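Okay, thanks everyone for coming. Have a look at the slide, and I'll talk through a few spots in it.

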Amino acid sequence: MSGIAIKVDQVSKVYHLYDRQRDRLKEALNLTKKKCYREHFALDKLDFEIKKGETVGIIGTNGSGKSTILKIITGVLNPTDGEVTVDGRISALLELGAGFNMEYSGIENVYLNGTMIGFTKQEIDARLQDILEFADIGDFVNQPVKTYSSGMFVRLAFAVAINIDPEILIVDEALSVGDVFFQSKCYHKFEEFKKMGKTILFVSHDLGSITKYCDRAILLNKGHKLFEGTPKEAVDMYKRVLVNQLEDGEDGKMVWDQGVDKKLWRSALPINPEVLEYGSKKAEIVDFAFVDANGRYSNVIEKGSEMTVKMKALFHEDIAEPIFAFSFKNLLGIELCGTNTMFEKVEITPKKAGETQTVSFKQKMDLQGGEYLLSLGCTGYPHGEFTVYHRLYDVCSLTVVSTKNTVGYYDMNTEITVE
């Protein structure tokens, strides 16, 4: 293990899925010789090594096995097969609240966490001031953590994790709940750790952070290692993973599936299975896409690049002046920006039943790096009365990749002159 901090050797994690609870009971009581379950491979013969002093990111879609392998590395889960070897003291920040007692105060949880890791009270005493200064949550350290906001919670948890002198730091998405200043503080700490020769392994959907801070990246897909290499190559491969995963269901709803009709633009997008859809359907939005600066259909767009929101409508009745619209929300449901053909003073010619219309909204992507939701609409004002023909709220997600975020939701593209 000389020079290797973490070695993952042919690791598999298999779960038994039962269609009915009584099947689980039958098997537990050995009442049947038949196999009553289906096997689900969360991980399937996964192999990789992380050298001491490396910062490595793990990316992949939901369900790809990212959190599972971190839990196995930290000992929270046992592998079904294979072996993980770790050389060094691990500090892990996996799930918000893991290892914390909600009834205890922040201070009490610092001592509880430190004791669980193996520190004496005297050793925790020596680190306490550094922990409290980094967390910077004021008098809340004396209050029960059940009263904390998610931001305060992660500040304290991360402060404990990085101030117990770990040789290996493992973080799973926890930083996404902190504000931009705290995240910046954490990434500065990452830089310090790297200079000290410590190893960092983290999972993040913030592909910009993966590109900026990692030496290497590992792309997982359905429990397999799909790619391992430079962060930029891994992110480019990740974009390709997101393509061709959808198709129309029998009831007309858009659902996850590999056997998609590749003629549909939306086949390159992750469709929301619970999309809110309504309207008279006199006109119907039948297809849509994000198009990146290279002309590729993808829901992963680089901040600062040109991108296009493209949509197509099929008209079931004659409509004189249709209006096309799109908007972006953040994951909290706050509408951030958007426009429509009426605002932009673009007139759409009258449409006959059976005709289609394609509209493309081209703009520079200046939203901060992160995850967003797209909504689309086709409306009009027949006889002076506002009418919704078809609306799709939160129909799919957009990932903006950024190597430089500023304060707030939108970048003002400030130019700085220092004299």
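Let's start with Leu94: setting aside neighbours within four places in sequence, Leu94 is in contact with Leu70, Lys71, Thr74, Val76, Ile170 and Asp172. Contact here means heavy atoms within 4.5 Å. Leu94 sits in the loop between β5 (90–93) and α3. Helices are DSSP runs of H or I with at least four residues, strands are runs of E with at least two, and both are numbered from the N terminus. With a relative accessible area of 12%, Leu94 is buried. The cut-offs are under 20% relative accessible area for buried, over 50% for exposed, and partly exposed in between, using a 1.4 Å probe on protein chains only. As for Lys71, it is 23 residues from Leu94 in sequence, and the two are 7.7 Å apart in space, C-alpha to C-alpha.

Before I go on, this is a predicted model, where local features need pLDDT of at least 70, side-chain atom pairs count only at pLDDT 80 or more, and totals for chains, interfaces and linings use all residues. Residues are numbered from 1 along each chain as its sequence is written, and side-chain values use heavy atoms, with hydrogens and water left out.

Now, Lys71 belongs to the buried set of helix α2, along with Lys66, Thr68, Ile69, Leu70, Ile72 and Ile73. Seven of the nine residues of α2 (residues 66–74) are buried, so the helix is largely enclosed by the rest of the structure. After α2 comes Gly75, with a positive phi near 90 degrees.

Next, a helix pair. How do α3 and α4 pack? Helix α3 (residues 106–117) and helix α4 (residues 121–135) pack at about 130 degrees, with their axes 10 Å apart. Axes are lines fitted to C-alpha atoms, for helices over the stretch in contact, and angles run from 0 to 180 degrees between N-to-C directions. The two helices are therefore oblique to each other; under 35 degrees would count as roughly parallel, over 145 as roughly antiparallel, 65 to 115 as roughly perpendicular, and the rest is oblique. On the α3 side, Ile107, Val110, Tyr111, Gly114 and Thr115 meet Lys121, Ile124, Asp125, Leu128, Ile131 and Leu132 in α4.

On to a sheet. Three strands make an open sheet in the order β13-β15-β18, with antiparallel pairing; two strands pair if DSSP finds at least two bridges between them. β13 (283–291) and β18 (356–364) are at the edges with a single partner strand each, so one side of each has no neighbour in the sheet. Eight bridges join β13 to β15, and Asp287 has Lys312 in β15 as its bridge partner. Nine bridges join β15 (residues 306–315) to β18, where Glu306 stands opposite Lys364. And is β13 enclosed or open? Seven of its nine residues are buried, so β13 is largely enclosed by the rest of the structure.

One more residue: Ser397, in strand β20 (residues 387–401). Ser397 counts as buried at 18% relative accessibility. Leaving out residues up to four places away in sequence, Ser397 touches Pro270, Phe290, Asn299, Tyr372 and Leu373.

Last, the whole chain. There are eight helices and 20 strands, and buried residues make up 47% of the 419 residues. Among contacts between residues at least 6 apart in sequence, 68% join residues at least 24 apart.
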